[in-house]
Amino acid sequence: TTTPSTDFGRGKRILHALQGIAGQAEQAFPDVKIGITGDVIAAYYEDQSIMRGIVVASVITALLIASLLLAYFRAPLAVAASLWSLLVAVAATFALTYLLIGHLNVMSAFLIAIVAGNGINSGLILLSRYFEECRTGQEALSALAAAIRGAARGTLTAAVTAGVAYGALAVTEFRGFRHFGIVGSIGMVLSWLSAFTVLPAGLCVLNRWGRLSPKPMPFLDRLLTKLAPSKPRVFLVGGVLLFVASAILTTLFVLDDPFERDWRNLRSESAEITGTKKLDVRMRESVGRKFGAGLTSRFVVAVDEVSKVPAVTEILRAAPKTLIKSVANLSDLIPDAQDEKIELLGELRRLTDEAKQSGLDPEDKRTAERIRPPDQIRKVRFEDVPAELSWPFVEKDGSIGKVILVAGSERFKSWSVDDRLALADGVRGLKLPANTLVGGQSFVIADIVDSMVGDGPKASAVAVAGAVLCILLLVGLGRHALVTLVAGLGGILGMIGLCFLFGLKVNFLDLVALPITIGIGIDYSVNLAVRDRQEGEKGAANLLGSTGGAVVLCSLTTIIGYGSLLLSENAGIRSFGLAAMLGELACLSAALLLVPGFLMWMRARKAAGAAR
């Protein structure tokens, strides 16, 4: 088929057409069973598997987040208001996505669950602060105003920083990452705006209806209050040990070749995909392993003029057999030495004419007439080649003969990233003429790997710079900004260290996890730091028993969003979900340990200095 395996719409139509033909054949011949396999079919089933994962992830995220909020707040209508606020933000996010981009891709589609899990944080902090203010005996509207004043700076800093972290992916060359970053950045900003407009409006309506009442302190807040140590040394020791251990593990991870080399570990596993694999095995056992061998190492070389084809073909055929197995162009289907052959046919025509003028018997004359070449013989052209043979060499604009089909050596394994890179590097190392284009799976994979190597650090650097700038602008200079940054760094190192312990390798999906973790690392620490600046004199127990509980709740909702990805049939998406969950745990731990510890220690030193 001329349909690329990435065109899922055509793949679906082809599969359904083939299934119809197979059904008719099986009905006509009951003893015959027909199976369908190949790249186009496998890619379609892969797409279907991912789409099912998106639906499952979104539904499970919504149900678990709602259940968690109900258990924490014990206020169904208030939770409904926060979820309504989140729904407005998510709907607006994907409406803008439709206007700005026009579609989702395999990566950005999972942001439905991720934006919900991460975008709800601002609303949860505000709602937690509102009930906290209500417990002080304030009237509802006054409590809401106080909650907005208290939560606005920290949540705004967290949302903007997360938006910048997502937006950092927009500097990458890979379009999937750029779209992921744009959608995520829009989602974070709109989630904050909705949390401070739609949610307060909903709370006001519920209060007017008399459907909201002060709630007792949540169990999680009471637990954190009791667990909070009275001395900063406990926080500091635990936080510093976590930081140092994370730094050591991160170093080991980087030195241990962190990239995934076997792309079989990124495939989906479903009943349909397993069926195609089994059929592939049976086919190779029955037909022979040479059938379809080396398909994934085949590629196309295109030139801008037909006259360049012979020279490029010669260069490719002169390459080592360990690099290139075979080379074909349309000229291979055209008879060679046509001028000499036409001249020879002319001589044959002259000889048969002379023979007919001689005394041949009637039977020999008829034979001479039959074998006589026509009077007019023209050269065979590209256009004369039957379409069944010429179609691989015909381009969409009708150009013909400028394409060269090349098969790489069979030693290159389709699942090996190293083999794909070796093929791409070897071909690109050939001295091909200017304006020669090369395309194929191996070259796309090589470009993706180059993007991972180059864009990963670039996106992370932009995310770090954006996070620092946001904190300095919104939190200001001072110890609270410094502690926020230290805790964020600790969370990032913790994530990488945990990935090393869990044996995770970096794949192209994981590339988005690090910039996102940078934003998340700031999210939790900045909310604690801003609350400490407001009333830090009340101690760590107050800090953890108020904002600490809400921060843990925020982390749990985000973990649910990422955790739902573990149910995907695609191994690469599961790997991304696990990496992001580990980042959540690391950032939460760093925030709960380092922020109270350092701020208590700094406050104690300042008090001791004032006493002297």
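Buried means under 20% relative accessible area, exposed over 50% and partly exposed in between, with a 1.4 Å probe and protein chains only. This is a predicted model, where local features need pLDDT of at least 70, side-chain atom pairs count only at pLDDT 80 or more, and totals for chains, interfaces and linings use all residues. Residues are numbered from 1 along each chain as its sequence is written, and side-chain values use heavy atoms, with hydrogens and water left out.

**Exercise 1.** Classify the ring pair of Phe299 and Phe443, and say whether each residue is buried or exposed.

*Solution.* Let's start with the rule: rings of Phe, Tyr and Trp (its six-membered ring) pair if their centres lie within 6.5 Å, and planes under 30 degrees apart count as stacked, over 60 as edge-to-face and the rest as tilted.
- Step 1: the centres of Phe299 and Phe443 are 5.2 Å apart and the planes stand at 70°, so this pair is edge-to-face.
- Step 2: Phe299 sits in strand β1 (residues 298–302) and Phe443 in helix α17 (residues 441–474), so the pair ties together parts 144 residues apart in sequence. Helices (H or I, at least four residues) and strands (E, at least two) are DSSP runs, numbered from the N terminus.
- Step 3: Phe299 has a relative accessible area of 3% and is buried; Phe443, with 2%, is buried.

**Exercise 2.** Now try Tyr44 and Tyr45: how are their rings tilted, stacked or edge-to-face?

*Solution.*
- Step 1: the ring centres of Tyr44 and Tyr45 lie 5.8 Å apart with planes at 45°, so the pair is tilted.
- Step 2: Tyr44 is buried at 7% relative accessible area, and Tyr45 counts as buried at 15%.
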